[in-house]
Amino acid sequence: MTTRILTGITTTGTPHLGNYAGAIRPAIVASRSADTDSFYFLADYHALIKCDDPLRIQRSRLEIAATWLACGLDPERVTFYRQSDIPEIPELTWLLTCVTAKGLLNRAHAYKASVDKNVAAGEDPDAGVTMGLYSYPVLMAADILMFNAHQVPVGRDQIQHVEMARDIAQRFNHLFGAGKDFFELPEALIEETVATLPGLDGRKMSKSYDNTIPLFGTAKQLKEAIARIVTDSREPGEPKDPDSAHLFTLYQAFATAEQTAEFRHDLQGGLAWGEAKQRLFQLLEAELGEAREHYNALIAKPDDIEDVLLAGATKARKIATPFLGELREAVGLRSLNAQVKTEKTKKKAAKRARFVSFREHDGTFRFRLLAADGSQLLLSRAFADPKTAGQMTQRLQSEAGQLEIKAEELRFTVWLAGEPVAESPDFANADERQHAVDALREALVEMTAE
Ligand code: TRP
């Protein structure tokens, strides 16, 4: 079975070397494996939660799309799209919101962190918290469940969100599945072997620490950023300790085992920091130089990227549209037209007992009472005209409680106000006759109820 892998990239910033080593590179490698079906998307609805600067959102979407394509993501092989091009996602978000316990979202780390911060500052606990931030996990659950992803590669900070998606999926399956599970239960995929890169100052490389190395700046910018990597003050010629130098960790993330061993050896042998930085620059240039060319060419033609993303959305919606249709059906958002049809057919299927009148050869009128299955319950006596016969069928129903039923041999007769009205056919025995009497009373009650 092919494993469906899905992950989203929030479009608020410009990709840096840490994003590349931690997410982009491993994802592209995984997407090439034969037994996976990969979905990668720009989580631009999520971006709106954190950012109210339209230009930044716009720019980031372009840069991130170009980055993934430049790094070798093949949009023919994978499904690569923008979240906001799939209207089924916000629609599914609402269906899921309606089955998500508020208490579950109260426990989300990101929301709790905001509350804790507010409380510590003596503010209202929910100060500055939007419903977007609060409902963030539901939107993310919709991203994942819309395509029934099995595995969701994420950073550790996102594990809880994937677990919430599982909880929400289970709840929906339980409420509406009726024996069928609409949603697969997704699992977070944490790549233990993937490098968490240190930034310029040695802390984790992150936009929020302002210690990043841009992925596709110019060669000059790359060189300048590397020059700012903090090292200790050992002089050229003095032995260095590779394991306490984050410059070495950065190098290792892009080098072969032999290159790493050589670099370690040279540092221990007194390689100058300036020289070491030059080597790191060359290594990164070798890895990224060509992709940078590609990136610049892509950025220069935003229309082409737009086309790629729209084609990706079309591909994604081939799955999303019919699936959402099923889900709408499951929760009861159905065409009224379909509903009328089913009620009509139901009525036909559940036939009731009924009177059927007819004229005898001698010009008199009689009626029969037929059971739901068409068998005859009663045959009336003869009436002079159809009107009197019709009135009698009415009275049989409205005065059903006052009927007198008399057994006569293997049949019974029905009397109303001291007059015989109708008689049953012959039955095989008294038991069957009694059974028919019960059926008659039931039929008359049902007809009156209608
Ligand atoms: N919340 C994720 C992050 O910040 C991005 C994201 C949005 C995502 N939707 C997703 C990741 C669905 C995986 C699956 O990293």
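Predicted model: local features only at pLDDT ≥ 70, side-chain atom pairs only at ≥ 80, totals over all residues.
Reader: Let us start with the overall layout. Into which domains is the protein chain divided?

Author: Domain 1 covers 1–193 + 301–329, domain 2 covers 215–289, and domain 3 covers 352–447. Next, look at spacing. The centres of domain 2 and domain 3, taken over C-alpha atoms, are separated by 103 Å.

Reader: Now a record entry. Where does UniProt place the feature "binding site"?

Author: UniProt, in an unreviewed entry, puts that feature at D143. Treat the label with care, because such annotations may be inferred rather than shown by experiment. Then find the residue in the model. D143 sits in helix 7, which spans residues 131–146.

Reader: Is D143 buried or exposed?

Author: Use the cut-off: buried means under 20% relative accessible area. D143 has 2% relative accessibility, so D143 counts as buried.

Reader: Which residues does D143 touch, not counting residues up to four places away in sequence?

Author: D143 touches L6, F41, H46, Q83 and I89.

Reader: Let us turn to cysteines. How many disulfides does the structure hold?

Author: First the idea. A disulfide is a covalent bond between the sulfur atoms of two cysteines. Here the structure holds zero disulfides.

Reader: Then what about C51 and C71: buried or exposed?

Author: C51 has 6% relative accessibility, so C51 counts as buried. C71 has a relative accessible area of 17%, so C71 is buried too.

Reader: How do I read empty space? How many cavities of 30 Å³ or more are there?

Author: The general idea comes first. Rolling a probe the size of a water molecule over the atoms shows where empty space is left. This structure holds one cavity of 30 Å³ or more. The volume of the largest cavity is about 30 Å³.

Reader: Which residues line the largest cavity?

Author: The lining is made by A108, A110, Y111, L133, Y134, Y136, P137 and H161. Helix 6 (109–120) and helix 7 are the elements that give two or more residues to this lining. Helix 7 gives the largest share, four residues. Helix 7 is also where D143 is placed.

Reader: And pockets? How many residues line the second largest pocket?

Author: The second largest pocket is lined by 17 residues. Nearest its centre lie A371, D373, S375, L377 and A439. The space in the second largest pocket is about 280 Å³.

Reader: Which elements each supply at least two residues of that pocket's lining?

Author: Strand 8 (376–380) and helix 16 (430–449) do. The largest share, seven residues, comes from helix 16.

Reader: Now backbone angles. What is phi of N148 near?

Author: Phi of N148 is near 45 degrees, a positive value in a residue other than glycine. N148 lies in the loop between helix 7 and strand 4 (151–153). At 18% relative accessibility, N148 counts as buried.

Reader: What about A417?

Author: Phi of A417 is near 50 degrees, also a positive value in a residue other than glycine. A417 is in the loop between strand 10 (411–416) and strand 11 (419–423). The relative accessible area of A417 is 68%, so A417 is exposed.

Reader: Let us end with contacts. Where is Y295 placed?

Author: Y295 is in helix 12, residues 273–299. Y295 is buried, because its relative accessibility is 7%. Leaving aside neighbours within four places in sequence, Y295 is in contact with E63, A66, T67, A70 and F216. Y295 and G199 are 96 residues apart in sequence and 23 Å apart in space, C-alpha to C-alpha.

Reader: One last case. Which residues is T393 in contact with, leaving aside its neighbours within four places in sequence?

Author: T393 is in contact with F355 and F367. T393 is in helix 15, residues 386–398. Its relative accessibility is 8%, so T393 counts as buried.

Conventions
Residues numbered from 1 in each chain as written. Heavy atoms only, no water. Buried < 20%, exposed > 50% of the residue type's maximum accessible area, 1.4 Å probe, protein only. Contact = heavy atoms within 4.5 Å. Domains from an automatic or database assignment. Disulfide = S-S within 2.5 Å. 1 Å grid on protein atoms, 1.4 Å probe; cavity = no way out; pocket = protein on both sides within 12 Å on 5 of 7 lines; lining within 4 Å. Points joined across faces, edges and corners; volume = space filled by probe spheres on them.
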